[in-house]
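Please keep the structure in view while reading the points below.

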Amino acid sequence: MGTESPPYELNSFSSVQNHGESAKDKAVDDWLPITSSRNAKWWYSAFHNVTAMVGAGVLGLPYAMAELGWGPGMAVLVISWVVTFYTLWQMVEMHEMVPGKRFDRYHELGQHAFGEKLGLWIVVPQQLIVEIGVNIVYMVTGGKSLKKVHDLVSPNAPEIRLTYFIMIFASCHFVLSFLPNFNSISAVSLSAAVMSLSYSTIAWTASVAKGVQPTVEYTYAGKTRTDVVFNFLSALGDVAFAYAGHNVVLEIQATIPSTPEKPSKKPMWRGVVVAYIVVAICYFPVAIIGYWIFGNSVEDNILISLEKPKWLIAMANMFVVVHVIGSYQIYAMPVFDMIETFLVKKMHFTPCFRLRFIARTTYVALTMFLAMTFPFFGGLLGFFGGFVLAPTTYFLPCIMWLVIYKPRKFSLSWFTNWICIILGVLLLILEPIGALRQIILSASQYKFYS
């Protein structure tokens with residue numbers, strides 16, 4: 001490139017110019033949430049990824065360890081961490097594999113790998129199920145955590161239904177959802193990442209302070225061999241899907257500036273490495289120490305097993321609330337982008353605040369309504385999510401890598417990708433079996449609008 005040439009900034013404007021798109025499309029891309037702001041720093045990707053990946057499910061890891069046992073539990077924890085770290089690296093690398101073009105959205109990468117129509121149909125339904133499903137679960141989780149705080153702080157107060165706490169939790173999202181893009185929610189995301197590290201630390205340090213219980217046992221809690229097997233399959237999914245931030249990683253990388261001299265993958269990868277170290281610091285101590293202290297009697301939320309001191313448990317639950325506020329926004333942003341893209345590019349609405357207000361308010365209201373109606377949605381997501389979380393996180397990046405790069409047969413890259421694909425497919429088959437049985441056993445306790 002000569003010195004007279006303009007800087008080769010791979011932002012929305014240059015991308016549009018390179019592909020001969022119209023001025024109208026330029027304006028639309030500059031308005032859409034994923035492509036409107038490209039000035040993020042590497043640490044933005046760090047806390048966005050922590051917020052996306054570390055969910056309140058970390059508090060259930062000791063329970064999953066109890067159903068898996070020491071050996072298999074440690075193996076699943078470590079293998080899941082390594083495999084998802086590798087597939088996340090693949091996605092970061094593939095973001096700008098075509099010179100002069102950025103795949104800003106998961107489905108754009110899918111379309112490059114599988115074709116315009118097939119790529120769209122492979123990726124978009126799976127991505128939407130994950131993101132909308134996670135948003136509904138976070139509505140329920142936020143409501144439940146608020147209710148726990150209320151019950152701990154005011155044990156003698158009149159009973160308030162979970163439905164109302166979900167509405168309270170949702171109220172902040174009616175405001176936060178008008179923040180236009182990822183960079184504008186960076187403060188919310190940073191707060192959420194700090195909170196996730198905080199309540200994870202509270203969980204394992206309070207466990208250590210409590211000490212190993214005198215009646216602790218490390219045998220399987222299931223009464224029959226069938227119970228043990230199905231509990232094992234269910235726990236397999238609980239651990240494996242604790243690493244599910246891949247559905248937003250390309251959208252996060254899209255916010256980082258890029259030039260041929262300084263491609264976005266370098267700062268993005270630095271952020272991902274930091275995020276995965278934080279994830280390990282959150283997950284491994286909670287899972288290992290929680291199981292070591294309480295054994296097979298640990299509750300499905302370790303904060304329940306801890307019980308005391310009440311003020312600390314209440315504070316940890318409040319941290320969970322702040323964290324899922326940020327996580328909801330991270331997972332909602334790509335959905336907002338899809339909705340607004342459809343409305344503007346397909347339905348030909350004019351990009352404006354009124355359109356964004358109606359679209360985003362409707363989405364938040366819909367997820368709130370579904371969370372209130374199905375407060376047991378987390379159990380259902382374990383089943384349906386198994387069919388979409390395993391592909392999008394564990395093996396779809398590997399398939400795209402094989403299709404696009406075509407590594408030599410029986411090379412290290414070829415073997416690595418096929419191992420990840422086989423593990424992912426096994427997860428896809430086995431996890432929903434355990435989740436379905438859990439739904440059948442719990443169905444009698446499911447209550448609408450509880």
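**Helix packing, core and cysteines**

Helix α10 passes helix α17 in a left-handed crossing. The model is a predicted one.

- Two packed helices are described by the angle between their axes and the distance between the axes.
- For α10 (residues 225–240) and α17 (residues 412–442), the angle is about 115° and the axes are 8 Å apart.
- On the α10 side, the residues that meet α17 include Asp227, Phe230, Leu233 and Leu236.
- On the α17 side, Leu427, Leu430, Ile433 and Arg437 are among the residues that meet α10.
- The residues of this contact comprise 7 nonpolar, 5 polar and 3 charged.

**The nonpolar cores**

- In soluble globular proteins, nonpolar side chains tend to be buried together.
- The largest nonpolar core here holds 121 residues, and Met139, Tyr243 and Tyr283 have the most contacts inside it.
- Helix α12 (residues 265–294) gives the most to this core, contributing 16 residues.
- Another core lies apart from it, with 7 residues that include Val28, Leu32, Leu355 and Ala359.
- Beyond its neighbours within four places in sequence, Tyr283 is in contact with Met53, Val54, Gly55, Val58, Leu61, Ala242 and Tyr243.
- Ala280 is found in helix α12, and it touches Trp81 and Pro285 when residues up to four places away in sequence are not counted.
- Ala280 and Trp81 are 199 residues apart in sequence, yet their C-alpha atoms are 8.0 Å apart in space.

**The enclosed helix α4**

- Helix α4 (residues 61–68) is largely enclosed by the rest of the structure, because 7 of its 8 residues are buried.
- The buried residues of α4 are Leu61, Pro62, Ala64, Met65, Ala66, Glu67 and Leu68.
- The elements covering these buried residues include α5 (70–94), α10, α12 and α13 (302–306).
- Just after α4, Gly69 takes a positive phi of about 90°.

**The cysteines**

- A search of the whole structure finds 0 disulfides.
- Cys420 is in no disulfide, and the nearest cysteine sulfur, that of Cys398, is 4.2 Å away, whereas a disulfide requires sulfur atoms within 2.5 Å.
- Cys420 is buried, with a relative accessible area of 4%.
- Cys282 is also buried, with a relative accessible area of 0%.

How values were computed: Residues numbered from 1 in each chain as written. Predicted model: local features only at pLDDT ≥ 70, side-chain atom pairs only at ≥ 80, totals over all residues. Heavy atoms only, no water. Core = buried A, V, L, I, M, F, W, Y, C linked by side-chain atoms within 4.5 Å. Buried < 20%, exposed > 50% of the residue type's maximum accessible area, 1.4 Å probe, protein only. Helix = DSSP H or I, 4+ residues; strand = E, 2+ residues; numbered from the N terminus. Contact = heavy atoms within 4.5 Å. Axes fitted to C-alpha atoms, helices over the stretch in contact; angles between N-to-C directions. Left-handed = near helix turned anticlockwise from the far one by under 90°. Nonpolar A, V, L, I, M, F, W, Y, C, P; charged D, E, K, R; others polar.
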